[in-house]
Amino acid sequence: MKLSLSHPLAIVPWLTVAIFLTPVALGLVGTWLPAFGWFPAIGLDRFSLAPWYNLLSHPSFPGAVRHTLVTGLGSALLALLLTALLLIGSYPSALFSWLEKSLAPILSIPHAAFAIGMSFLLVPSGWLVRLLALVSDKFDRPPLWLSFQDPQGISLIVTLALKETPFLLLMCLAVLPTLKAQKTLWLANSLGHSARFAWLWLIFPQLYQQIRLPFFAVLAYSLTVVDIALIAGPTTPGTLAVLITQWFNDPDLTQRTVGAAGAATLLMLLVLIMAVGLMLERPLRRLRGLCLAGGANGYWPAWERPMAGLISFLLLFFYTAALLITLIWSLAAQWRYPAVLPNRLSLDTVANSMTQLFDPLWCTLLLASLSALLAIILVIGALENEVRLKYGTKQAKGQKILLLLYLPLLIPQIAFIFGFQVWLIRVGLDGTFVALLWSHMIFVVPYVFLTLSGPYRQFDDRYSWLALSLTGARVRSFWRIKLIILLRPILYAFATGFAVSIAQYLPTLFVGAGRFATLTTEAVALASGSDRRLMATMALWQQLLPLIVFALATLMPAYRFRHRRAMSQTAS
């Protein structure tokens with residue numbers, strides 16, 4: 001593809017792609033070379049299979065792989081199933097409209113903070129067991145069962161599924177209008193078919209083709225997540241990603257080659273699972289054709305709406321309860337089991353933790369704000385270049401850019417972050433704020449692009465043409481007309497990037513080299529401790545920051561357009 005820089009905007013897409021693809025490429029090389037014994041930094045300058053032998057012979061390796069497959073596949077498939085049930089039972093309806101409005105605050109909650117809140121609910125001495133103690137004398141003492149961090153990984157599956165279902169639902173919302181789902185439902189109903197028939201046999205096969213990449217991103221995250229696995233996952237052993245992280249942080253530097261081999265194994269495992277998923281699509285399409293030819297319909301009980309209502313209630317309950325119980329624990333001065341509420345509330349823990357919180361809070365705010373702002377600038381520049389090409393002699397390749405943007409989300413963080421750190425050490429950037437900001441932007445830019453590209457591409461360019469005809473200045477019409485009309489989606493994209501940055505754990509842990517502490521790294525570190533009050537305070541701040549930014553992203557356009565109802569409708 002020929003690179004043309006005849007226009008200032010032409011460099012922006014290339015710069016944007018380079019920002020998040022260069023670390024991935026360098027990181028993969030920097031991980032695979034140590035996996036085969038080449039690690040000159042510690043005196044290993046010959047290729048060897050010793051790391052793979054040490055990996056395969058490690059006693060925790062088989063159990064870690066088993067836990068990874070069970071929890072990763074289980075949570076991703078459960079999230080897809082919950083999304084399907086919500087759509088079948090509630091789209092379109094008042095329940096679905098309410099659920100759609102609730103997605104922003106739900107998605108803003110970082111993964112680690114949500115997992116900590118779930119631990120407060122589900123542990124044997126947690127709030128749900130305390131509620132049971134009100135109605136049964138069998139729970140006067142905490143039960144002996146493992147309801148959190150259980151060896152089977154059920155708590156990790158549930159936590160991941162509840163966290164990823166809103167994301168998949170959001171991706172479906174972006175696609176459904178293009179599939180004309182409501183017209184398909186109406187047509188199927190007019191022919192005597194149920195809504196279930198229309199969804200299962202007509203809409204979902206097309207919908208899955210459109211959300212395949214987001215689902216693969218969820219699958220990649222579920223199989224390779226570290227922070228939630230440390231909080232909610234099994235510990236004897238942990239998942240493979242957790243085991244790899246332990247090897248990378250081992251004082252024995254030779255263990256990093258074993259970690260590199262483990263990271264390469266995890267990447268190959270993910271690629272294999274995705275390849276199997278792609279190969280299964282063709283026989284499933286044939287099976288669907290055979291079922292339709294045989295008159296598939298089904299006369300099952302009408303359970304869709306009650307099931308969708310139950311799932312919606314569970315989502316709302318767990319997210320709300322996790323936030324409230326985290327708030328209560330941060331204010332609890334004394335809370336003995338089996339009391340449902342604390343015996344006494346106090347601000348002492350919050351006040352005493354402010355000195356410990358100041359540096360992580362400031363670092364988190366600075367990182368999240370800068371990475372989201374820079375991502376907004378790059379994405380708007382890339383989309384403006386797309387507009388320029390659309391009305392020029394060349395056509396924009398938006399879908400190809402979209403495929404590239406998904407790469408950092410499809411490749412496990414643990415598979416390239418270590419290698420990226422090795423490269424940063426060689427060039428003297430390891431442990432610097434610039435490198436840490438760069439590592440966050442690897443993941444912020446794709447989400448900002450996905451959030452903003454839809455509204456930006458749907459913008460009616462006639463507004464810009466009219467403004468240009470009145471002002472004669474492209475820059476002025478861009479700043480005073482286009483950006484104002486698109487203020488709401490731009491602010492929402494900024495809030496999304498802000499929340500994504502706050503949730504980053506591995507990039508801060510590795511690239512920061514221990515010199516930068518964020519709310520996420522501190523919350524995960526405190527999750528293994530016994531001080532629930534301090535852990536709750538840290539998790540509460542981690543949840544409140546994105547919620548505040550999302551609230552501002554909603555309120556600022558409403559205030560700005562309070563006297564312009566038509567403009568408010570356009571901006572939304």
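1. Salt-bridge network. In this predicted model, Arg212, Glu281 and Arg285 are joined in a network of salt bridges. Glutamate 281 takes part in both of the contacts described next, with arginine 212 and with arginine 285.

2. The contact between helices. Glutamate 281 and arginine 212 form a salt bridge through their side chains, with an N to O distance of 2.7 Å. This pair connects distant parts of the chain: glutamate 281 belongs to helix α12 and arginine 212 to helix α9, and the two are 69 residues apart.

3. Arginine 285, at 45% relative accessibility, counts as partly exposed.

4. The structure holds three salt bridges. One of them pairs glutamate 384 with lysine 482, the closest N and O atoms being 2.6 Å apart. Glutamate 384 is located in helix α14 (residues 348–390) and lysine 482 in helix α20 (residues 474–485), so the pair ties together parts of the chain that are 98 residues apart in sequence. Glutamate 384 counts as buried at 15% relative accessibility, and lysine 482 is buried with a relative accessible area of 2%.

5. The second largest pocket. This pocket has a volume of about 1000 Å³. It is lined by 31 residues, of which Leu80, Phe204, Pro205, Tyr208 and Leu284 are the closest to its centre.

6. Origin of the pocket lining. Helices α3 (61–90), α9 (195–224) and α12 (255–293) each contribute at least two residues to the lining of the second largest pocket. Helix α9 provides the largest share, 11 residues. Helices α9 and α12 are also the elements that hold arginine 212 and glutamate 281, respectively.

7. Sorted by class, the residues lining the second largest pocket comprise 25 nonpolar, three polar and three charged residues. A colleague inspecting this region may wish to view the lining from α3, α9 and α12 together.

Key. Residues numbered from 1 in each chain as written. Predicted model: local features only at pLDDT ≥ 70, side-chain atom pairs only at ≥ 80, totals over all residues. Heavy atoms only, no water. 1 Å grid on protein atoms, 1.4 Å probe; cavity = no way out; pocket = protein on both sides within 12 Å on 5 of 7 lines; lining within 4 Å. Points joined across faces, edges and corners; volume = space filled by probe spheres on them. Helix = DSSP H or I, 4+ residues; strand = E, 2+ residues; numbered from the N terminus. Nonpolar A, V, L, I, M, F, W, Y, C, P; charged D, E, K, R; others polar. Salt bridge = Lys/Arg side-chain N within 4 Å of Asp/Glu carboxyl O. Buried < 20%, exposed > 50% of the residue type's maximum accessible area, 1.4 Å probe, protein only.
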